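Biologist: Could you put the model up, so that we can go through it together?

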Amino acid sequence: MVSMVLKVLKNLLKRPFTSEYPKKKSKVSINFRGVIHIDQKKCISCKLCEVNCPTGAIIVDPKKKYAVVDRSLCILCGLCAEVCPVKVIWFSNDYEIAEKKKKHYKKQLPGANPVKK
Amino acid sequence: MHEKIFPIGPQHPSLKEPIFLKLHVDGSYITKAEFNLGYTHRGVEKCAEGYLLDTALHAVQRTCGICSQCHSMAFLNAVEPMTGVQVPEKVYLQRLITAELERIHSHLLWGGVMAHEIGLETLFMYYWREREHILDIFDELTGNRVHHSPDLIGTAKRSFNKENLQMVLEKLDLVEPEIKELRNVMENHDVITSRFKKHGNIPKKMAEDLDLVGPTARASGVNYDVRQNAPYMAYGIKELKVKPVIRSEGDSWGRTMIRCDEIFESMRLVRKACEMIDPNEEVPKKKNLIAKGDFSRGRTEAPRGENFHFVAIENNRIKRLKLRTPTLANVISYARIMEGEDITDVPVIVMSLDPCISCMERVAVIRNGKQENWTSHELFEGKKYD
Ligand code: SF4
Ligand code: SF4
């Protein structure tokens with residue numbers, strides 16, 4: 001019991017570990033896989049990402065001839081980015097990926113400037 | 001007094017995951033315990049059928065959020081020898097670092113939940129604060145805090161560089177004294193000792209008969225750890241030999257202390273691996289590999305015990321996948337260890353096995369078209385242990 005009291009007293013003198021989230025954004029590392037982006041202009045529609053995706057989130061649109069992603073299905077595994085021969089898929093560090101409506105997940109995000117990792 | 005039936009679950013405040021416990025009580029003493037599974041079947045095995053190997057690897061990692069790297073390693077243990085790929089030592093060491101950090105994170109998470117279960121909310125917060133540092137390491141090393149997915153068959157997605165390894169060592173130095181203090185609190189807290197000692201006994205004979213695995217078996221004196229008995233990947237290297245922690249108590253207390261101690265053994269392994277790794281070496285590029293042979297199996301030691309994968313392959317795609325997660329091996333002891341206990345000790349006993357119900361849900365007992373409960377009588381065939 002004494003050890004617990006000592007531990008609590010010690011922690012009373014420390015600053016809070018948590019942060020006020022919506023006001024203050026927490027930092028993530030540069031390698032963090034957040035939102036998935038595709039640079040659709042450079043896509044060569046080889047379909048490798050479509051065959052490899054475990055959830056069927058990414059498919060090559062037959063009319064537009066480039067890959068499109070449904071972000072509500074994507075599990076952020078990063079396999080598509082590995083297999084893409086021209087490396088046009090990348091993940092930004094943005095972790096606020098929830099949308100208000102399901103159809104918003106289908107909206108394609110602009111993906112031109114991948115961060116150098 | 002006559003017997004009453006006291007149901008707990010499938011949804012209950014003291015259970016984090018759905019499992020149904022049907023307790024026959026006399027007053028507040030449990031005379032007989034039954035349990036039932038089958039509330040969260042997710043079908044990873046069926047889902048992976050027909051997948052390409054790399055795709056299946058990313059699917060099986062999703063079996064468990066806490067030990068996803070161990071599932072990935074078990075799958076790779078099965079598939080990599082079939083493809084005949086030469087895996088560099090750096091990749092093995094990277095996998096070991098992730099897996100051992102995962103063990104630390106899992107045991108810290110469990111320590112917190114255990115404290116929460118007996119009403120020590122402050123201790124719960126302390127445990128989870130330390131866990132947060134480990135999650136930061138995952139974020140830096142692999143790109144995801146929970147489902148890390150750092151592996152590809154024969155290689156890894158990224159190579160750990162000098163700053164990464166530096167960060168791992170710094171964070172470990174930061175959390176180690178804190179975890180030591182938390183262990184000290186656990187060991188000397190009167191509430192914890194009085195509620196854990198001599199409750200939920202699993203004698204060594206019973207652990208052996210039921211093939212219990214992981215810390216649960218080691219707390220009953222069974223010397224079995226896959227990392228030691230069948231070393232895989234980097235665990236085969238002489239400097240990284242595992243010295244498993246063995247205790248003889250076999251009660252909730254033993255299972256608690258063993259997990260507190262395993263954290264330090266994992267820290268030793270991570271530090272050693274960080275020393276051995278060459279930060280400048282690059283990992284090889286992803287290759288397209290062809291798997292030869294029909295089937296294979298892989299085992300790893302996950303934080304909760306032995307993890308088993310059976311993989312059958314046809315035309316370079318998965319034909320059949322079978323997983324057995326450690327909790328399924330351990331959970332069958334519930335039917336026996338609750339007998340004779342007070343009903344207030346049930347949450348502690350349930351949590352002391354560190355159950356991970358959702359990743360184990362693959363078995364149901366069905367007789368004459370009706371689902372039945374798992375009972376002590378059937379599981380133990382009337383055997384007696386003391
Ligand atoms: S990250 Fe994974 S789940 Fe998401 S689109 Fe790419 S392959 Fe599919
Ligand atoms: S793998 Fe790359 S190039 Fe090929 S279809 Fe997908 S996004 Fe386009």
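Biologist: Which are the buried residues of H2(B)?

Modeller: They are Leu53(B), Asp54(B), Thr55(B), Ala56(B), Leu57(B), His58(B), Ala59(B) and Val60(B), where buried means under 20% relative accessible area, exposed over 50% and partly exposed in between, with a 1.4 Å probe and protein chains only. Helices here are DSSP runs (H or I, at least four residues), numbered from the N terminus. This is a predicted model, in which local features need pLDDT of at least 70 and side-chain atom pairs count only at pLDDT 80 or more, while totals for chains, interfaces and linings use all residues. Residues are numbered from 1 along each chain as its sequence is written, chains are lettered from A and ligands numbered from 1 in the order in which they are written, and side-chain values use heavy atoms, with hydrogens and water left out.

Biologist: And where does H6(B) bend?

Modeller: H6(B) bends by about 30° at Val175(B), with Pro177(B) following within four residues; the bend is the angle between axes fitted to the seven residues ending there and the seven starting there.

Biologist: Switching to ligand 2, which residues come nearest?

Modeller: Of the 13 residues around ligand 2, those are Cys43(A), Cys46(A), Lys47(A), Cys49(A) and Cys84(A), a residue being near if one of its heavy atoms lies within 4 Å.

Biologist: What lies over the face of Trp128(B)?

Modeller: Arg131(B) does, at 4.7 Å from the ring centre, and Arg259(B) lies over the face of Trp110(B) at 4.9 Å; the criterion is NZ of Lys or CZ of Arg within 6 Å of the ring centre and within 35 degrees of the ring normal.

Terms used:
Helix = DSSP H or I, 4+ residues; strand = E, 2+ residues; numbered from the N terminus.
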